[in-house]
Each structure stands twice: as structure tokens, then as C-alpha cells.
Amino acid sequence: FPSHDMERMAEREPVATMGALVQDPGLLGEGRGRYQRSQIFARADLTNPEQQRLLARYLEGLDPRSPEARFFFQSFPCHNFSVGPGLSGQPRLASAMEIMEGDRAALSWLESGQTSGWAQRHAESATKLLEKMRKIVQEQ
């Protein structure tokens with residue numbers, strides 16, 4: 001897949017795209033692929049239980065020392081898309097209320113998952129992310 005196509009697919013069909021990337025990380029394995037994969041998962045909508053499950057699976061398989069893990073934890077939560085208008089139309093932009101709802105869902109997911117396998121595997125990054133999300137939600 002050209003990376004632009006994968007990003008557009010992730011914007012339109014996030015569960016299908018995340019599922020495909022969990023199943024076969026090599027779909028975005030060359031060059032900027034690690035960065036793009038991390039950004040697709042950093043955009044997970046954690047009000048959606050299926051995206052919660054797929055994000056946990058992604059993090060369980062992610063090497064905590066990898067550049068991809070660093071990209072993910074620096075970017076999460078990511079509310080923007082790099083895909084511009086095209087033949088399939090304008091990307092959908094989340095409203096401020098949707099972003100705040102998503103941030104609260106992300107915080108809840110992080111708090112409830114503190115003892116999960118992925119949180120233990122990424123302990124230092126998960127702790128920093130939890131602190132960051134608490135601050136973001138508190139400031140809303």
C-alpha cells in the first residue's frame with residue numbers, strides 16, 4: 001500500500017486498518033512505515049471498544065525500545081490526519097466536544113489498563129502517558 005492510501009483508509013475505516021496492521025505490521029514496514037503505523041494507532045478512538053482492543057494488541061507487540069514506540073508515546077493522543085482532500089472527499093474533522101470525549105475515554109482506558117500486559121511492557125512510557133492524559137483532561 002502506498003502510505004497515503006493507508007492513511008486515508010485509516011481515516012475512513014480505522015478498525016479494519018488497525019486490524020490489518022496488527023495482523024501484518026509489515027504492511028507499513030519500509031521507510032516511514034514505522035512512523036505512520038504509530039500515528040494510525042495514536043489516533044485510536046478509545047470510545048470504541050474494538051479500537052481499544054486493537055490498540056492493546058498493537059502495544060503488546062511493540063518493542064518498548066523501538067523508535068516506533070517512542071513515536072507512538074510522543075504522539076498519543078493524536079487528533080489530526082495528514083490526509084488532505086482528494087477524490088474521496090475531505091477528511092472528517094472531530095469537533096472540540098468529540099476530542100474532549102475521546103481524551104476522557106483515553107484516560108479511562110489508560111487508568112483501567114495499568115496492570116495489563118502492554119502497560120507492564122511499556123511501564124515507564126505508560127506512566128508518563130497517564131500523567132500527560134490526566135493533565136490534558138484536567139485542563140479541559
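The accessible surface of the protein comes to about 7,800 Å², and 51% of that area belongs to carbon and sulfur atoms; such areas come from the Shrake-Rupley method with a 1.4 Å probe, and for residues only the protein chains shown count as cover. The model is predicted: local features need pLDDT of at least 70, side-chain atom pairs count only at pLDDT 80 or more, and totals for chains, interfaces and linings use all residues. Residues are numbered from 1 along each chain as its sequence is written, and side-chain values use heavy atoms, with hydrogens and water left out.

**The whole chain**

Begin with a cartoon view. The protein contains eight helices and zero strands, in the order α-α-α-α-α-α-α-α along the sequence. Helices (H or I, at least four residues) and strands (E, at least two) are DSSP runs, numbered from the N terminus. Of the 140 residues, 39% count as buried; buried means under 20% relative accessible area, exposed over 50%, and partly exposed in between (1.4 Å probe, protein chains only). Among contacts between residues at least 6 apart in sequence, 66% join residues at least 24 apart, a contact being heavy atoms within 4.5 Å.

**Gln51**

Next, select Gln51 in helix H4 (residues 49-61). Gln51 is buried because its relative accessible area is 4%. A polar atom of the Gln51 side chain lies 2.7 Å from the backbone nitrogen of Asp45. Leaving aside neighbours within four places in sequence, Gln51 is in contact with Pro14, Val15, Met18, Ala44, Asp45 and Leu46.

**Aromatic pairs**

Display the aromatic side chains. The structure holds six aromatic pairs. Rings of Phe, Tyr and Trp (its six-membered ring) pair if their centres lie within 6.5 Å; planes under 30 degrees apart count as stacked, over 60 as edge-to-face and the rest as tilted. The rings of Tyr35 and Phe71 have centres 5.5 Å apart and planes at 80 degrees, so this pair is edge-to-face. The pair links distant parts of the chain, with Tyr35 in helix H3 (residues 33-42) and Phe71 in helix H5 (residues 67-75), 36 residues apart. Tyr35 is partly exposed, at a relative accessible area of 33%, and Phe71 is also partly exposed, at 21%.

Move on to Phe72 and Phe73, an edge-to-face pair with 5.0 Å centre to centre and 85 degrees between the planes. Both Phe72 and Phe73 are buried. One aromatic cluster is formed by Phe41, Tyr58, Phe72, Phe73 and Phe76.

**Helix H5**

Which residues of H5 are buried? They are Glu68, Ala69, Phe72 and Phe73. These residues cover an arc of only 125 degrees around the axis, which puts them on the same side of H5; the arc is that of the directions from the helix axis to the C-beta atoms. The buried residues of H5 pack against H3, H4, H7 and H8.

**The largest nonpolar core**

Finally, select Leu55, Leu59, Phe72, Phe76 and Trp118, which touch the most other members among the 34 residues of the largest nonpolar core. Helices H1 (3-12), H2 (14-23), H3, H4, H5, H6 (96-112), H7 (117-121) and H8 (123-138) each supply at least two residues of this core. A nonpolar core is a set of buried Ala, Val, Leu, Ile, Met, Phe, Trp, Tyr and Cys residues joined through side-chain atoms within 4.5 Å. Not counting residues up to four places away in sequence, Leu59 touches Phe72, Phe73, Trp109, Trp118, Arg121 and His122.

Terms used: Polar contact = N/O pair within 3.5 Å; in protein donor to acceptor, adjacent residues only side chain to side chain.
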